[in-house]
Amino acid sequence: MPRVRWLFLALLVVPLADALFLVFVAGQVGWQVTVALVVLTALLGTLFVRAEGRHTLRRIQRALAQRKTPTDELVDGGLLIAAGAFLLTPGLLTDALGFLLVFPLTRHPFRYAVKEWVIKPKLDSKTGGFATGNVYTFGFPGGDDGDAGPFAGAGGNGGGGGPFGPGAAGGSGDDDTIDLDEDAYDVEFEDGDDADTR
């Protein structure tokens, strides 16, 4: 809901700011020059969008031929569509934003922002973190260490951390190790051999 509110606010503020800036520029250089500038930027922007669109399409085809996922290229395609919409909107601020989205050097920060703040959170919410590798392997975030997941120790409260933890032997989690001397180990080993031979 907050995201929709911010989008609605941007749809109101951007055209208003663009109109005010147009009025300011027209007051400085005249309406004829301002209209000519808006038309010229729209025509040039359309040419640049078409050229970059063809280049991006070739990059997508090359990535698919190499059996790679064209993630950056698809994001660039979406940004070029947005650039075309901004450039066709009459206004100098929207034209400036459209030109920023057209050229690869200035488009790169927008692509990074879209991937980090839009695509990755969406994939994480849909796949539980498997798409981006942000997966909690043991337990849940913010949980107690004692029940940290499916491999929590079998031997007591918070004693474990897994089948290989201190409480894995079924004890209370304390360091209750039993050391066998060499003779006792040999006796048990020989008994086991006798049982096998029988």
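**View 1. A helical stretch at residues 29–49.** Over residues 29–49, the chain is 95% helix and 0% strand, with its end C-alpha atoms 28 Å apart. Helices here are DSSP runs of H or I with at least four residues, strands are runs of E with at least two, and both are numbered from the N terminus. This is a predicted model, in which local features need pLDDT of at least 70 and side-chain atom pairs count only at pLDDT 80 or more, while totals for chains, interfaces and linings use all residues. Residues are numbered from 1 along each chain as its sequence is written, and side-chain values use heavy atoms, leaving out hydrogens and water.

**View 2. Two spans named in a record.** UniProt, in an unreviewed entry, places the feature "transmembrane region" at residues 29–49 and 77–103. Its positions follow the numbering used here, feature names are shortened, and annotations may be inferred rather than shown by experiment. In the span 77–103, 85% is helix and 0% is strand, and the end C-alpha atoms lie 12 Å apart.

**View 3. The whole protein.** How many helices and strands does the protein have? There are 6 helices and 0 strands, giving the pattern α-α-α-α-α-α along the sequence. Of the 198 residues, 22% count as buried; buried means under 20% relative accessible area, exposed means over 50%, and partly exposed lies in between (1.4 Å probe, protein chains only).

**View 4. The largest nonpolar core.** Which residues make up this core? The 8 residues are Val-49, Val-75, Leu-79, Ala-83, Leu-87, Phe-99, Leu-101 and Val-102. A nonpolar core is a set of buried Ala, Val, Leu, Ile, Met, Phe, Trp, Tyr and Cys residues joined through side-chain atoms within 4.5 Å. Now look at Val-49: leaving aside residues up to four places away in sequence, Val-49 touches Leu-80, Ala-83, Gly-84, Leu-87 and Val-102 (contact means heavy atoms within 4.5 Å).

**View 5. The largest pocket.** This pocket has a volume of about 730 Å³, and of the 20 residues that line it, the closest to its centre are Trp-6, Leu-7, Ala-10, Phe-86 and Leu-97. On a 1 Å grid over the protein atoms alone, a pocket is an open set of points where a 1.4 Å probe fits, with protein on both sides within 12 Å along at least five of seven lines; lining residues have an atom within 4 Å of a point. Grid points are joined across faces, edges and corners, and the volume is the space filled by probe spheres set on the points. Helix H1 (2–29), H3, H4 and helix H5 (104–127) each supply at least two lining residues, with the largest share, 8 residues, coming from H1. By class, the lining has 17 nonpolar, 2 polar and 1 charged residues. Ala, Val, Leu, Ile, Met, Phe, Trp, Tyr, Cys and Pro count as nonpolar, Asp, Glu, Lys and Arg as charged, and the others, Gly among them, as polar.

View 6. Val-35 sits in helix H2 (residues 31–65) and is partly exposed, with a relative accessible area of 48%. Arg-58 also lies in helix H2. Arg-58 and Glu-73 are 15 residues apart in sequence and 9.4 Å apart in space, C-alpha to C-alpha. Arg-67 is found in the loop between H2 and H3. Why does Arg-67 count as exposed? Because its relative accessibility is 80%.
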